[in-house]
Amino acid sequence: MDNAAKAPLEEVPDVGDSLDPAKVMERTLRRAADEADADLVVLLRREDDELVEEAGFDRASLNGHLQPIPLAGDQASRLALELGEPVLRSPEPLSAGAGSSAGLGAIRHSARVPLRAEPETSALLLFLGRRRGGPFTRDDAALLEVLAHQAAIAIRNAELYERAQKTARRLQVGVDVALEVAARLEPDEVVERILRRALEAVEADRATLGRMEGGFECTILGSVDRTEDQAPVGRTVSLESQDPVVEAMTTRRPVQGHLAYERIGMRPLRWDLVIPLVVGGELVALLGVSRDRRQFDEDEIAVLQQIGSVAALAFRNATLFQSLREASRVRSQFLNMAAHELRTPLSVIGGYASMLSDGTLGEAPSAWRMPLAVVVEKTKELAHLIDDILLAGRLESGVARTSGRSMDLTAALREATQRAGARAKLIDARLKVEPPPGTVQVWGEPDHVARILDNLVNNAFNYSPEQAEVSITSEVGEHWAVVRVEDHGRGISEEHRDHIFQQFYRVEDPKDGYPPGTGLGLFISRALAERYGGNLDLEWTEPGQGSRFALRLPLFDAAA
Ligand code: ADP
């Protein structure tokens with residue numbers, strides 16, 4: 001026995017010390033060779049009905065690597081796997097007559113030892129060969145069985161670990177894509193990012209996304225292509241005759257095959273994968289990933305499936321958002337148009353009503369006086385509403401941009417208090433005001449700031465019980481002036497807090513004698529505050545206890 005070629009056992013690390021399957025296998029081979037004085041060790045795996053070499057080690061070859069060995073159909077190995085026990089052969093029948101000094105050629109004695117890791121039946125087997133010395137003994141076999149058992153467990157652990165790592169990596173890709181696209185609401189941007197991610201994840205040559213339009217009709221929304229081939233974006237195509245698509249649509253699973261890209265004027269590629277994007281059971285889009293190089297393997301398909309499930313959600317959100325925005329645009333457009341159309345006739349009605357009521361057109365019968373006063377009042381209310389709708393429309397579209405100028409906030413507060421005082425008296429409310437000492441110059445437009453303050457104070461009265469208590473306080477900081485309007489009224493429950501600044505949003509509570517309103521006040525007020533670089537927030541509220549709104553405006557000096 002040539003002991004010089006044999007590595008001492010201590011130097012071979014324990015087979016279970018690594019979580020890399022390749023390393024575990026290599027160490028298994030080295031240990032087995034050392035412990036059983038073998039010249040050649042091969043690790044075989046049974047796959048379907050074949051025995052495939054996983055790794056091999058040969059002392060006779062320079063680098064220890066093995067030449068391919070014809071063990072694919074080896075009967076003795078099958079027997080060992082079936083019995084779950086070592087099978088020893090001497091002389092080794094497979095090498096009979098072969099003269100080569102490497103590979104199986106010069107093997108005289110052999111041992112085939114299955115790697116068992118209960119509860120699974122083994123699919124792994126060690127083939128050991130000796131070129132010199134005596135046959136493998138029962139003692140060798142017993143020793144090898146122990147090693148084989150350790151190795152089986154180590155290999156299984158390493159493989160499980162590798163699988164877990166792969167799953168983690170796959171999930172990470174999903175998380176990354178989710179983080180990247182979740183916050184985006186522009187459909188074009190979402191599509192572009194999904195496609196780039198899919199392309200990069202599997203090094204594909206092309207990724208294409210199409211929206212399902214019902215049946216087999218699909219509109220191409222975007223495509224990224226390493227070869228710069230241009231997709232007919234925006235075109236609706238029928239996919240009825242494209243087999244992988246039909247299969248992916250029916251099974252709702254990724255399908256690999258060939259897509260006839262030439263039918264839409266693009267260069268066909270060798271391998272195509274179709275991933276259906278499904279949300280809530282509904283097929284919303286198809287993601288096609290293609291390349292020339294090679295087929296997509298199981299792992300790549302799993303990664304793309306992961307991207308697909310995130311992409312489906314992001315895509316659906318972006319599409320919904322777009323239709324919402326479109327609906328909102330149509331609504332605003334209609335309201336604007338209606339408000340414009342109403343303005344002229346309303347001012348004519350208002351004008352005549354005022355003339356009738358103030359006697360310009362002659363003394364009105366006394367029975368008309370009250371109804372005329374109501375007409376004049378209601379016409380004013382209506383005119384106010386129309387103005388609000390028009391202003392809200394302008395603020396929303398950004399047309400009402402005003403740069404602002406220096407204005408005295410203290411004076412604005414004084415005037416707002418005077419206007420509110422009259423109403424407070426009428427409804428027996430208490431209004432407490434703490435204006436800032438001296439003048440405070442802020443960015444703004446007196447009309448607009450007056451409007452914001454009136455809205456806040458009126459709301460405070462409106463949404464408080466009788467004998468409301470409302471306070472207006474102010475604070476001047478280094479860069480900002482803050483006006484706070486606080487009431488002890490009904491407050492705002494949690495589910496409404498995020499919405500009250502939206503156009504037309506009202507907390508409807510009909511059973512409670514809820515005050516009438518349009519739901520435009522806070523939207524307009526906040527938009528106006530923002531026009532001057534300020535803001536308006538609900539600072540505190542508690543249902544049944546009250547609310548406090550804070551208007552913040554930049555100080556004129558600080559902003560200059
Ligand atoms: P409007 O008062 O015309 O309904 P706003 O935009 O001013 O419109 O207010 C929107 C909604 O916010 C109101 O309908 C009301 O439900 C709620 N709200 C506003 N201010 C207060 C407040 N001070 N206390 C309680 N709820 C309020």
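A residue is called buried when its relative accessible area is under 20%, exposed when over 50%, and partly exposed in between (1.4 Å probe, protein chains only). Helices (H or I, at least four residues) and strands (E, at least two) are DSSP runs, numbered from the N terminus. The structure is a predicted model, in which local features need pLDDT of at least 70 and side-chain atom pairs count only at pLDDT 80 or more, whereas totals for chains, interfaces and linings use all residues. Residues are numbered from 1 along each chain as its sequence is written, and side-chain values use heavy atoms, with hydrogens and water left out.

Helix H5 spans residues 243–251, and its buried residues are Pro244, Val245, Ala248 and Met249. Viewed down the axis of H5, the buried residues fall within an arc of 130° and therefore line one face of the helix; the arc is that of the directions from the helix axis to the C-beta atoms. An α-helix has 3.6 residues a turn, so residues three or four places apart point the same way. Asp243 and Thr250, on the other side of H5, are exposed.

For Gln467 phi is about 55°. Gln467 is found in the loop between H9 and strand S15 (469–476) and is exposed, with a relative accessible area of 55%. A further backbone feature is the cis peptide bond from Ser90 to Pro91, with omega near 0°. Pro91 is placed in the loop between strand S3 (87–89) and strand S4 (109–115).

Grid points are joined across faces, edges and corners, and a volume is the space filled by probe spheres set on the points.

The largest pocket has a volume of about 1500 Å³. It is lined by 47 residues, of which Asn455, Asn458, Asn459, Asn462 and Gly517 are the closest to its centre. Two or more lining residues come from each of helices H7 (366–397), H8 (409–427), H9 (446–462) and H11 (521–531) and strands S16 (480–487) and S18 (546–554). The most are given by H9, with nine residues. Domain 3 (326–397) and domain 4 (405–559) both contribute to the lining, so the largest pocket lies between them; the domain bounds come from an automatic or database domain assignment. The lining comprises 21 nonpolar, 14 polar and twelve charged residues, where Ala, Val, Leu, Ile, Met, Phe, Trp, Tyr, Cys and Pro count as nonpolar, Asp, Glu, Lys and Arg as charged, and the others, Gly among them, as polar.

Two cavities of 30 Å³ or more are found in the whole structure. The second largest cavity has a volume of about 50 Å³ and is lined by Ser332, Leu335, Asn336, Ile389, Gly393, Glu396, Gln503 and Phe504. Helix H6 (298–358) and H7 each supply at least two residues of this lining.

Terms used
On a 1 Å grid over the protein atoms alone, a cavity is a set of points where a 1.4 Å probe fits but cannot get out, and a pocket is an open set with protein on both sides within 12 Å along at least five of seven lines; lining residues have an atom within 4 Å of a point.
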